[in-house]
Amino acid sequence: RKVAVLKERAKGETRVSATPETVKKITALGAAVAVESGAGDHASISDEAFRSAGATIGSAEEVTAGAQIVLGVQGPDPALLGNVAPGAWVVAGLDPFGKGEGVGRSRVDAYAAAGLEALAMEFMPRITRAQSMDILSSQSNLAGYKAVLMAANTYGKAFPMMMTAAGTVSAAKCFVMGVGVAGLQAIATARRLGAQVSATDVRSATKEQIMSLGAKPIFVENVAGIEGEGSGGYATEMSEEYQKAQAELVSSHIAKQDIVITTALIPGRPAPRLITDAQIATMKPGSVIFDLAAPQGGNVEGTVADELVVKHGVKIIGLSNTPAHLPTDASALFARNLFNFLSAFWDKEAGEPILDEEIGNAIRLTKGGKVVNERLLG
Ligand code: NAD
C-alpha cells in the first residue's frame with residue numbers, strides 16, 4: 001500500500017496531513033508513505049524530519065504515482081490525482097458544501113468522475129468510537145483557544161484585574177456564544193487569562209458544562225422549543241418565539257461585555273445570525289468580537305473573514321481558517337485523527353483499511369464513479 005501526503009495548496013492553509021509521528025505509525029501498519037517536498041514547511045516540519053521517520057520525499061507527481069490512499073487537510077485538486085491507483089481513497093476535510101471555484105460540490109463531482117473514493121473526514125459521526133478521528137473537534141478546540149488570544153491581542157485593555165500602585169485595572173467581561181468544542185475551549189482560555197466569563201447556547205445540556213468551567217450561564221428560560229439538540233448532539237434551528245427571547249436576553253447582556261466570542265454553527269446550513277448591527281451599537285467602543293463562524297457566513301452582522309472591521313467603535317474579527325494560525329499543533333492533531341482512522345479500519349490480512357457500514361456510509365462521498373452520500377443526494 002502506498003499513502004501519499006500532498007502539500008496543501010489552498011490560500012492561507014499552513015497545516016499538513018501527516019507528521020513524522022504519524023508517518024512512523026502508518027509505516028508500522030505496513031504501508032509506504034510518500035510526502036511531497038515542502039509539505040511540512042509552514043508547520044515547521046522539514047523534509048528531513050519526514051525522511052527520518054521513514055517517508056520518501058518527492059514531487060507531487062512522484063508522491064501520488066500509484067498511491068492507494070491520498071491524505072489531505074483540505075481536498076486536493078483532482079488534477080493532481082491523475083496517476084493514483086484506480087479507486088484510490090482521498091481522505092481529507094472535503095468541504096462538499098463549500099462555495100468557490102473548483103471546490104465544494106464541483107470538486108466532489110470531479111473525484112467521482114475520476115473513479116476515486118472520496119472520504120469526507122468532517123462527516124465523521126459523533127459516536128464514542130470515532131472521537132479520536134474527529135477533525136472538527138480537534139481543530140475547533142485549537143480555534144477556540146486562538147480566538148480568545150486574538151481577541152485579547154486586539155483589545156486595548158487587559159484581561160485580568162490588576163491592582164497596581166497607579167490604580168486598578170478592571171477585569172475584562174467575556175461572553176462566549178455557542179458552547180460546543182470551540183466554545184468550551186474559549187471559556188477555559190478566557191478564564192485562564194483572568195476575564196469574567198459568561199456563555200450561552202441553545203442546547204440546555206451546556207449549562208452545567210459552562211458552570212463547571214467557572215463561567216456564568218446566560219439562558220432563555222420557559223420558552224417553547226428550548227431543547228435545541230438534534231441528532232448526534234448538534235444544534236437544531238430554534239422556534240421563532242425562542243429566537244426572539246434569545247435576542248432580547250443577548251441584547252441586554254451584550255451591552256455590558258468587552259469581548260464576545262461567537263462559535264454557533266448548524267451543520268449543513270449557514271451560521272445562525274446571533275448579533276445584529278443594532279446590538280453592536282449598544283456595545284462599548286473598544287470592545288472586540290471574534291466571530292469563529294466567519295467561514296460559514298458569520299454569526300455577526302458585518303463580519304468580513306480575514307479583515308478587521310470596526311463598527312460603532314467595536315472591532316469585529318473573523319478568520320477564514322483559524323486553526324491554520326496554529327500550524328504545528330493543528331497539524332499534529334489533524335494527522336493523528338487521520339492515522340487513528342486508518343489504523344481503526346486497517347485489515348492486517350488485506351493489508352489495507354476496510355470501512356464498516358456505519359462510518360463508511362457517513363463519510364463516503366463518492367464511489368464507483370458516482371456521488372453516493374445521502375447528505376449530497378437529498
Ligand atoms: P458546532 O460547531 O456544530 O456548534 C457550536 C455550538 O453552537 C454548539 O454547541 C451549538 O449548540 C451552538 N449553537 C448553534 N446555534 C446556536 C444559537 N442560535 N445560539 C447559541 N448557540 C448556538 O458544535 P460542536 O462543537 O461540534 O459540538 C456539538 C456537540 O457535539 C457538543 O455537545 C459536543 O460535545 C459534541 N461532540 C461529540 C463528539 C463525539 O462524541 N464523537 C465529538 C465532538 C463533539
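Predicted model: local features only at pLDDT ≥ 70, side-chain atom pairs only at ≥ 80, totals over all residues.
Local features are reported at pLDDT of at least 70 and side-chain atom pairs at pLDDT 80 or more, while totals for chains, interfaces and linings use all residues. Residues are numbered from 1 along each chain as its sequence is written.

Six strands form an open sheet in the order S3-S2-S1-S4-S5-S6, with parallel pairing. Strands (E, at least two residues) and helices (H or I, at least four) are DSSP runs, numbered from the N terminus; two strands pair if DSSP finds at least two bridges between them. Strand S3 (56-58) and strand S6 (117-120) are the edge strands, each pairing on one side only. From one strand to the next, the twist averages 25°.

Strand S1 (residues 2-5) pairs with strand S2 (residues 32-36) in the parallel sense over four bridges. Val 3 has Val 33 in S2 as its bridge partner, and Lys 2 stands opposite Ala 32 in S2. Between S1 and S2 the chain passes through helix H1 (residues 20-29), and this β-α-β crossover is right-handed. A crossover is given this hand if, with the strands pointing away from the viewer, the path from the first strand over the helix to the second runs clockwise.

S2 is also joined to S3 by three bridges, and these two strands run parallel. Here the bridge partner of Glu 36 is Gly 58 in S3. The chain crosses from S2 to S3 through helix H2 (residues 47-52), again in a right-handed β-α-β crossover. Four of the five residues of S2 are buried, so S2 is largely enclosed by the rest of the structure. A residue counts as buried if 20 or more other C-beta atoms, placed from the backbone, lie within 10 Å of its own.

Two packed helices are described by the angle between their axes and the distance between the axes. The axes of helix H5 (residues 135-154) and helix H6 (residues 181-192) come within 7 Å and cross at roughly 35°. Axes are lines fitted to C-alpha atoms over the stretch in contact, and angles run from 0 to 180 degrees between N-to-C directions. The crossing of H5 and H6 is right-handed, the near helix being turned clockwise from the far one by less than a right angle.

Terms used
Buried ≥ 20, exposed ≤ 12 C-beta atoms within 10 Å, placed from the backbone.
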